[in-house]
Amino acid sequence: MKTSPIYRRPPPGLGSAAVGAEEETLVLDALRRGELFRYYGNDPERPPPFAAQLENEAKAWIGTDYALAVSSGTAALETALAAISIGPGDEVIVPAWSWLSCVTAVVRLGALPVLAEIDDSLCLNPAEIDRLTTSRTRAVLVVHFQGVAADMDPIIKAAHRRGLFVVEDCAEAPGVFYRGRAVGTWSDVAIYSFQHNKAMTAGEGGLLVTRDLRTYERAVRMSDLGQYRPYHASVTPPQEPAFSGAQFRMSELTAAVALAQLRKVDAIRAHCRMIQDRVRQGIGELPGVTWRTIPDPQGDFGFEIYFYLDDPKVVPAFRTALDEREVHCQQRTGTYPQYRREYLLTGRAHHPAVSPFRDIKPWPAVGYRAEDFPVTEDLTQRFIALPIGWRYTTEDADHIAESVRAVHRELFT
Ligand SMILES: Cc1ncc(COP(=O)(O)O)c(C=O)c1O
């Protein structure tokens with residue numbers, strides 16, 4: 001049944017919907033300083049470069065020791081893996097349900113991504129670490145999917161028992177906590193993305209954080225052509241040999257926007273949580289419907305509500321009916337199972353000799369096919385996502401809740 005919408009609901013933007021005078025002021029300031037490259041602005045008589053200011057405020061806000069601004073979340077992932085010396089012959093456990101870069105970054109470093117099942121939190125199932133670890137496994141990449149922290153206690157325990165590095169992908173989770181501590185502080189190295197759809201954005205951009213000074217130094221070298229400039233030496237003196245790195249530096253214009261956005265994340269989170277609580281209370285409990293498991297509900301960002309329908313056959317009709325009521329229920333991420341991505345179906349890298357899949361035949365092999373992931377398949381075919389945005393009002397929250405109840409009534413009675 002098609003109903004005419006009562007009013008047009010705002011699109012569910014987060015940081016992008018909060019861009020305003022603060023970003024404008026800092027960007028104009030960057031332009032007026034005339035130094036758009038961070039390393040030319042290190043005159044002690046002048047204000048610190050925006051990139052350094054962003055790093056300093058981000059590490060205080062997250063509660064970690066070192067932060068490095070880079071050009072994207074993907075660049076941050078490649079930098080993080082390089083910083084902990086991941087390379088050919090190594091295996092990295094990656095959730096099968098994750099963003100493209102979670103696999104491409106591993107492949108670009110010549111290591112083998114090993115796909116793991118998720119659980120009903122839509123994050124890595126901690127039990128997969130024991131199942132998938134081999135003598136070649138070096139690291140576990142944990143993705144805090146869409147504002148919800150993965151269950152870090154069992155993940156850290158299993159990884160440490162096996163002597164593995166833990167890398168946290170917080171691209172979708174700035175401002176998210178687990179057991180009272182920010183995500184990004186649980187692992188050896190963590191990354192953030194400032195791409196347009198994120199809770200804080202500069203259009204593009206990324207950040208890497210760590211508590212380990214050698215990881216920081218290697219990350220700086222990876223992101224700046226192997227160099228370690230005087231600014232970084234003033235943060236912590238060099239101890240590591242140079243190596244050939246990439247060029248993933250952040251510009252001052254990006255840093256100015258990211259800095260203004262960083263200062264807004266707490267407010268965006270508080271708003272999303274308020275709207276989310278109202279939607280959840282408004283929906284209540286419905287037969288045939290189960291909420292996504294949130295390992296730590298206190299730490300959740302609240303920008304996307306997921307629930308599962310028992311019957312996957314009802315999902316398309318449920319989504320269509322919600323969309324007709326102006327409830328944007330398509331998930332706000334391009335995440336879908338890695339085993340369906342083109343690059344995994346071909347198993348290719350940019351050159352055949354550097355593909356970690358080159359000797360695995362026939363391809364796609366066991367562990368890279370849909371039938372190897374019954375849990376991920378089941379969960380991801382049964383969920384409905386209700387995105388929330390910075391511009392959402394309590395009226396929007398009530399409209400979403402009423403719509404879900406109405407569609408449920410229509411389809412289940
Ligand atoms: C989980 C996750 N990891 C990594 C990235 C990569 O970030 P970027 O788009 O900034 O390269 C994204 C975002 O797009 C993401 O959602």
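How many bridges join β5 to β6?

Reply: Five bridges join β5 to β6, and the two strands run parallel. First, the ground rules. The model is predicted, so to speak of local features a pLDDT of at least 70 is needed, while side-chain atom pairs count only at pLDDT 80 or more and totals for chains, interfaces and linings use all residues. Numbering runs from 1 along each chain as its sequence is written, and side-chain values use heavy atoms, with hydrogens and water left out.

Helices (H or I, at least four residues) and strands (E, at least two) are DSSP runs, numbered from the N terminus. Two strands pair if DSSP finds at least two bridges between them.

Start with β5, residues 137-143. Six of its seven residues are buried (under 20% relative accessible area; exposed is over 50%, partly exposed in between; 1.4 Å probe, protein chains only). The strand is therefore largely enclosed by the rest of the structure.

From β5 the chain crosses through helix α6 (residues 152-161) to β6, a right-handed β-α-β crossover. Right-handed means that, with the strands pointing away from the viewer, the path from the first strand over the helix to the second runs clockwise.

The loop between β5 and α6 holds Gln146. Phi of Gln146 is near 45°, a positive value in a residue other than glycine. Gln146 is buried, at 5% relative accessibility.

Seven strands form an open sheet with mixed pairing, in the order β1-β10-β9-β6-β5-β2-β4. The edges belong to β1 (66-70) and β4 (112-116); each has a single partner strand, so one side of each lacks a neighbour in the sheet. From one strand to the next, the twist averages 20°. Axes behind such angles are lines fitted to C-alpha atoms, for helices over the stretch in contact; angles run from 0 to 180 degrees between N-to-C directions.

β5 also pairs with β2 (residues 91-95), through three bridges, and these strands run parallel. Glu91 has Thr137 of β5 as its bridge partner. Ile93 is partnered by Val140 of β5.

Two helices pack on the sheet. Helix α4 (residues 100-108) touches β2, β4, β5 and β6 (165-169), where contact means heavy atoms within 4.5 Å. The direction of α4 makes about 150° with that of β4. Helix α7 (residues 213-223) touches β1, β9 and β10, and its direction makes about 15° with that of β1.

Between β9 (189-193) and β10 (206-210) lies a loop, and Lys198 is in it. The unreviewed UniProt entry places the feature "active site" at Lys198. UniProt positions are in the numbering used here, feature names are shortened, and annotations may be inferred rather than shown by experiment. Lys198 counts as buried because its relative accessible area is 15%. Leaving out residues up to four places away in sequence, Lys198 touches Leu14, Gly15, Ala171, Glu172 and Ser193.
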